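Subject: Structure for you to look at

Hello,

Here is the structure I said I would pass on. Please open it first, then read the notes below it.

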Amino acid sequence: VDVTGGNGDTVLTTCGAGSTNCEVAALSDMGATTLAACDSLDADSSGIYYVTGSCDLPSQVGSPTNSAIVVVDDEVTVGGNSVFYGMLFVRDSDPGPTSTAELTGNGNPKIFGSLVVQGNVDLTGNLDLIYSDTGAANPGDAPPESTRFARVPGTWFDSMRGN
């Protein structure tokens, strides 16, 4: 299924031979490690991971010197005093009109980095999201040296766009 953007252009949702989701294809192109669940992730985990099943985050993922990017289809549960270093992205694996992605949990988890949920969040307790402010605070300010730019699949700048 292709999606029509706001400007009328068609954005491909399938890539490669025509049956691969473009987001999954991009993760593969970036060398993501595919996992069925999150149980093998730990404090030594670093790099990019794509989790195809539901995910109960372990007590620690990544570290201050080795962060992880974890992309999960549909469901993530956090609990207790879990600690996550990097980027956690809970994505809707079915790009239909309703989202099935969900982050649930309790306790006092901490995320050092970023959290993106393409759906619902249902947390009890206190989630601490600790990040480095890389935005330009005032118009005309230069971005911080740590700022990096990249193409984002499925956006207006993506090369995988129909005509």
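A residue is called buried when its relative accessible area is under 20%, exposed when it is over 50%, and partly exposed in between (1.4 Å probe, protein chains only). This is a predicted model, in which local features need pLDDT of at least 70 and side-chain atom pairs count only at pLDDT 80 or more, while totals for chains, interfaces and linings use all residues. Residues are numbered from 1 along each chain as its sequence is written, and side-chain values use heavy atoms, with hydrogens and water left out.

The disulfide

The structure has 1 disulfide (a pair of cysteine sulfur atoms within 2.5 Å). In general, a disulfide is a covalent bond between the sulfur atoms of two cysteines. Here cysteine 38 and cysteine 55 are linked, with their sulfur atoms 1.8 Å apart. The pair joins distant parts of the chain, 17 residues apart: cysteine 38 is in the loop between strand S5 (33-35) and strand S6 (47-51), and cysteine 55 is in strand S7 (residues 55-56). Strands (E, at least two residues) are DSSP runs, numbered from the N terminus. Both cysteine 38 and cysteine 55 are buried. The link is left-handed, with -110° about the S-S bond.

Strand S11 and its partners

Of the 9 residues in strand S11 (residues 83-91), 7 are buried. Two strands pair if DSSP finds at least two bridges between them. Strand S8 (residues 60-61) runs parallel to S11, joined by 2 bridges, and glutamine 60 is opposite valine 83 in S11. Strand S9 (residues 68-73) also pairs with S11 in the parallel sense, over 6 bridges. S11 and strand S13 (residues 110-117) run parallel too, with 8 bridges; tyrosine 85 has phenylalanine 112 in S13 as its bridge partner.

Aspartate 73 and the cores

Leaving out residues up to four places away in sequence, aspartate 73 touches Tyr50, Val51, Thr52, Gly53, Arg91 and Ser93 (contact means heavy atoms within 4.5 Å).

A nonpolar core is a set of buried Ala, Val, Leu, Ile, Met, Phe, Trp, Tyr and Cys residues joined through side-chain atoms within 4.5 Å. The largest one has 19 residues, and those with the most contacts inside it are Leu57, Val70, Val72, Val76 and Leu88. Another core, of 5 residues, lies apart from it and includes Leu27, Ala32, Tyr50 and Val71.

Regards

Notes:
Helices (H or I, at least four residues) and strands (E, at least two) are DSSP runs, numbered from the N terminus.
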